[in-house]
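This briefing is for a reader meeting the structure for the first time. Look over the sequence and the model below, then read the points grouped by topic.

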Amino acid sequence: MKERYFEVDMLIRIQQITWYLVMVYFAAIYVLFMLDFEGAFELARYGIILILGATVLKLVVLAERFRIARLRRFWLLSYLLVLILAAVAVLRYLL
């Protein structure tokens, strides 16, 4: 049995960029919170949306890597996970 190989370099790069971006963003929000800025909580909500968007982006990149490697089951499961994540987010804001 031969293993199928696929590149994850782009996924690793997206993960690194996302990690630093989120860390800097929340550090800035923390400083604003310590300075009693009234909009800090609203900015934190946008940070959570940023994290969810980055997670969806990473899942789509991973799913496309599975598609290129012809791992159809994992490709479908990745998009199912994206669908479930989107449904949970939509239901959270509707209810």
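**Surface patch, helices and loops**

Tyr 30, Val 31, Phe 33, Met 34, Leu 35 and Phe 41 make up a nonpolar patch on the surface, and their accessible area together is about 700 Å². The model is predicted. Its mean pLDDT is 89, and 94% of the residues reach 70 or more.

**Nonpolar patch**

- Helix H1, which covers residues 9–34, gives the most to the nonpolar patch, with 4 residues.
- One of the patch residues is Val 31, which lies in helix H1.
- Val 31 has a relative accessibility of 46%, so it counts as partly exposed. That class lies between buried, under 20%, and exposed, over 50%.

**Helix H2**

- Helix H2 runs over residues 40–68, which is 29 residues.
- At 1.5 Å a residue, H2 should span 42 Å, and its end C-alpha atoms are 42 Å apart, so the two values agree.
- The buried residues in H2 are Ala 40, Gly 47, Ala 54, Lys 58, Leu 59, Val 61, Ala 63 and Phe 66. A lysine, Lys 58, is among them.
- The cover over the buried residues of H2 includes H1 and helix H3, residues 72–94.
- Arg 70 follows H2 and has a positive phi, near 60°.

**Loop between H1 and H2**

- Asp 36 is found in the loop between H1 and H2.
- The phi of Asp 36 is positive, near 60°, in a residue other than glycine.
- Asp 36 has a relative accessibility of 66% and therefore counts as exposed.

**Loop between H2 and H3**

- Arg 70 lies in the loop that joins H2 and H3.
- Although Arg 70 is not a glycine, its phi is positive, at about 60°.
- The relative accessible area of Arg 70 is 70%, so this residue is exposed.

**Confidence**

- Within the protein, confidence is highest in H1, at a mean of 92.
- Confidence is lowest in H2, where the mean is 90.

**Points to look for in the model**

- Which helix gives the most to the nonpolar patch? Helix H1 does, with 4 residues.
- Is Asp 36 buried or exposed? Asp 36 is exposed, because its relative accessibility of 66% is over the 50% cut-off.
- What covers the buried residues of H2? The cover includes H1 and H3.

Methods
Residues are numbered from 1 along each chain as its sequence is written. This is a predicted model: local features need pLDDT of at least 70, side-chain atom pairs count only at pLDDT 80 or more; totals for chains, interfaces and linings use all residues. Side-chain values use heavy atoms; hydrogens and water are left out. Patches are made of residues with over 30% relative accessible area and no salt bridge: like charges are joined within 9 Å, nonpolar side chains (Val, Leu, Ile, Met, Phe, Trp, Tyr) within 5 Å. Accessible areas come from the Shrake-Rupley method with a 1.4 Å probe; for residues, only the protein chains shown count as cover. A salt bridge is a side-chain nitrogen of Lys or Arg within 4 Å of a carboxyl oxygen of Asp or Glu. Helices (H or I, at least four residues) and strands (E, at least two) are DSSP runs, numbered from the N terminus. Buried means under 20% relative accessible area, exposed over 50%, partly exposed in between (1.4 Å probe, protein chains only). The expected span of a helix is 1.5 Å times one less than its number of residues. Contact means heavy atoms within 4.5 Å. pLDDT is the predictor's confidence in each residue, from 0 to 100.
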